[in-house]
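Have a look at the model first, then read on.

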Amino acid sequence: SDRNAKENFAPVSPIEVLDHVATLPITTWDFKELSDGRHMGPMAQDFKAAFGLGNTETGIATVDADGVALAAIQGLNEKLEVRSQSAEADIQALKTENAELRRELQDLKHLVITLTTKENTK
């Protein structure tokens, strides 16, 4: 995986990769001519259609599967960060609103006490 052995670099959108992974059919199967147990994963044709990686439609290179998995993890992290920031902003807004409501309640309590006291002194 040495950078010096590669060329034609292009950026990847982790969110787009995650979206493709989310819709990629994943199944379990047995190989017809091998007795090496049950396997799980996408079909090579679906993987090729989703990501356009590799030089064949009948196999998935582990480097490509690993790269897709890592990009999808980054996409999940991006979504989590956005949601976390949004939730934090919502929490701060609710705290501010709650503090204002407490102040208004205190003002109303004070007003009721003042009015009640004036009524009782008449």
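## Aromatic pairs

Rings of Phe, Tyr and Trp (its six-membered ring) count as a pair if their centres lie within 6.5 Å; planes under 30 degrees apart make the pair stacked, over 60 edge-to-face, and the rest tilted. Run that rule on this predicted model and you get 2 aromatic pairs. One of them is Trp29 with Phe31, an edge-to-face pair with 6.2 Å from centre to centre and 90° between the planes. Trp29 is partly exposed at 21% relative accessibility, and Phe31 is partly exposed too, at 40%.

Then there's Phe47 with Phe51: the ring centres are 5.0 Å apart and the planes sit at 55°, so this pair is tilted. Both residues belong to helix H2 (residues 44–51), where they are 4 residues apart, or about one turn of the helix. Are they buried or exposed? Phe47 and Phe51 are both buried.

## How H1 meets H3

Two packed helices are described by the angle and the distance between their axes. For helix H1 (residues 14–23) and helix H3 (residues 62–120), the axes come within 7 Å and cross at roughly 110°. That makes H1 roughly perpendicular to H3.

Who's touching whom? On the H1 side the contact uses Pro14, Ile15, Val17, Leu18, Asp19 and Val21, while H3 brings Val68, Ala71, Ala72, Gln74, Gly75, Leu76, Glu78 and Lys79. Sorted by class, the contact of H1 with H3 has 9 nonpolar, 2 polar and 3 charged residues.

## Salt bridges

How many salt bridges does the structure hold? It holds 3. Asp19 is partly exposed at 41% relative accessibility, and Lys79 is partly exposed with a relative accessible area of 33%.

Next up is Arg38 with Asp30, at 3.3 Å from N to O. Here Arg38 counts as exposed at 52% relative accessibility, whereas Asp30 is partly exposed at 49%. Glu100 and Arg103 make a salt bridge as well, at 2.8 Å from N to O. They sit 3 residues apart in helix H3, so about one helical turn separates them. Glu100 is partly exposed at 34% relative accessibility, and Arg103 is partly exposed at 46%.

Note on methods. Residues numbered from 1 in each chain as written. Predicted model: local features only at pLDDT ≥ 70, side-chain atom pairs only at ≥ 80, totals over all residues. Heavy atoms only, no water. Buried < 20%, exposed > 50% of the residue type's maximum accessible area, 1.4 Å probe, protein only. Helix = DSSP H or I, 4+ residues; strand = E, 2+ residues; numbered from the N terminus. Axes fitted to C-alpha atoms, helices over the stretch in contact; angles between N-to-C directions. Parallel < 35°, antiparallel > 145°, perpendicular 65-115°, else oblique. Contact = heavy atoms within 4.5 Å. Nonpolar A, V, L, I, M, F, W, Y, C, P; charged D, E, K, R; others polar. Salt bridge = Lys/Arg side-chain N within 4 Å of Asp/Glu carboxyl O.
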